[in-house]
Amino acid sequence: MISPDTGAVSAAVGTAESRFYALVPAAGVGARSGASQPKQYVTLVDRPMLAHTVDALAAVPELHATLVVLASDDDSFTVSMPAASAAACWQAYCGGASRAESVAAGLEALLARGAREHDWVLVHDAARCLLRAEAVQALIAGCRGDAVGGLLALPVADTLKQSTPEGRIATTVDRRGKWAAQTPQMFRLGLLREALARPGAEITDEASAIEALGLQPKLVEGTMENFKVTWPADFELAERLLRSR
Ligand SMILES: Nc1ccn([C@@H]2O[C@H](COP(=O)(O)OP(=O)(O)OP(=O)(O)O)[C@@H](O)[C@H]2O)c(=O)n1
Ligand SMILES: C[C@](O)(CO)[C@H](O)COP(=O)(O)O
């Protein structure tokens, strides 16, 4: 089904129009965030971070459906998600030990709900709650005709330093041609499924798994606003930005 040359899913393409699905891994614990609960449930403005993320995706008319991957023991979604946000997504309680495992399990859940191997899947972190519909649309427009797929990313603007274990500078890294990867990351379901099924080094994003197949995902320039809430101070910044909208 997957072409070894281009990575394109060939058999089903052309027989039915491809749909676009969003897949939101939301099964992490948020260890770096310092929060007393998984960070996707921390309230920002008036609702959990995850609700902002789901609502942003719900505003993208091109998306057929959004599936949220939750930890198997998640007991927060049903109590803390606003009804409208909960209704705007499918839920699958199949999160794994790593982000990659959660995404791989989410792909199976999408297949079980009728998605096909040639459909596009846009994987988006629950923790990037400042996503704009226009950014998703720019990604779709940039990648829908592409044989591989791609991702939102930002060209590195700062001077890059490689550190020593002691926290001193070992060297300055040439920043030319370097990008910081964001999400969504958009690939055909079948290709991504194959990529994530391969044993390999630790995969921190979908593009890395696709690269390991020898393919070159496309970079579509995003914005700084779409940052990932990771550290304690990030909540305040996210809150301020959400309030300013
Ligand atoms: N086993 C995991 C780990 C992460 N994620 C999700 O992947 C996204 C990006 O991961 P990250 O920001 O690292 O979140 P956490 O893993 O929760 O954070 P930390 O690494 O600080 O624990 C988050 O939406 C997170 O919920 C997931 O679905 N399953
Ligand atoms: C997918 C990602 O957001 C792209 O920058 C990032 O790799 C997630 O990394 P983390 O290790 O789960 O924080």
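**Ligand shell, nonpolar core and confidence**

In this predicted model, ligand 1 is surrounded by 23 residues, a residue being counted when its C-beta atom, placed from the backbone, lies within 6 Å of the molecule. The closest are Pro 25, Gly 28, Ala 31, Arg 32 and Ala 126. By class, the shell comprises 9 nonpolar, 9 polar and 5 charged residues; Ala, Val, Leu, Ile, Met, Phe, Trp, Tyr, Cys and Pro count as nonpolar, Asp, Glu, Lys and Arg as charged, and the others, Gly among them, as polar.

The largest nonpolar core contains 64 residues, such a core being a set of buried Ala, Val, Leu, Ile, Met, Phe, Trp, Tyr and Cys residues joined through C-beta atoms within 7 Å. Tyr 21, Leu 23, Val 69, Val 121 and Leu 122 have the most contacts inside this core.

Phe 187 counts as buried because 28 C-beta neighbours lie inside 10 Å, the threshold for burial being 20 or more other C-beta atoms within 10 Å, with 12 or fewer for exposed residues and partly exposed in between. Phe 187 and Ala 207, 20 residues apart in sequence, are separated by 8.6 Å from C-alpha to C-alpha.

The predictor assigns the complex an ipTM of 0.98 and a pTM of 0.94.

Residues are numbered from 1 along each chain as its sequence is written, while chains are lettered from A and ligands numbered from 1 in the order in which they are written. Local features of the model need pLDDT of at least 70 and side-chain atom pairs count only at pLDDT 80 or more, whereas totals for chains, interfaces and linings use all residues.
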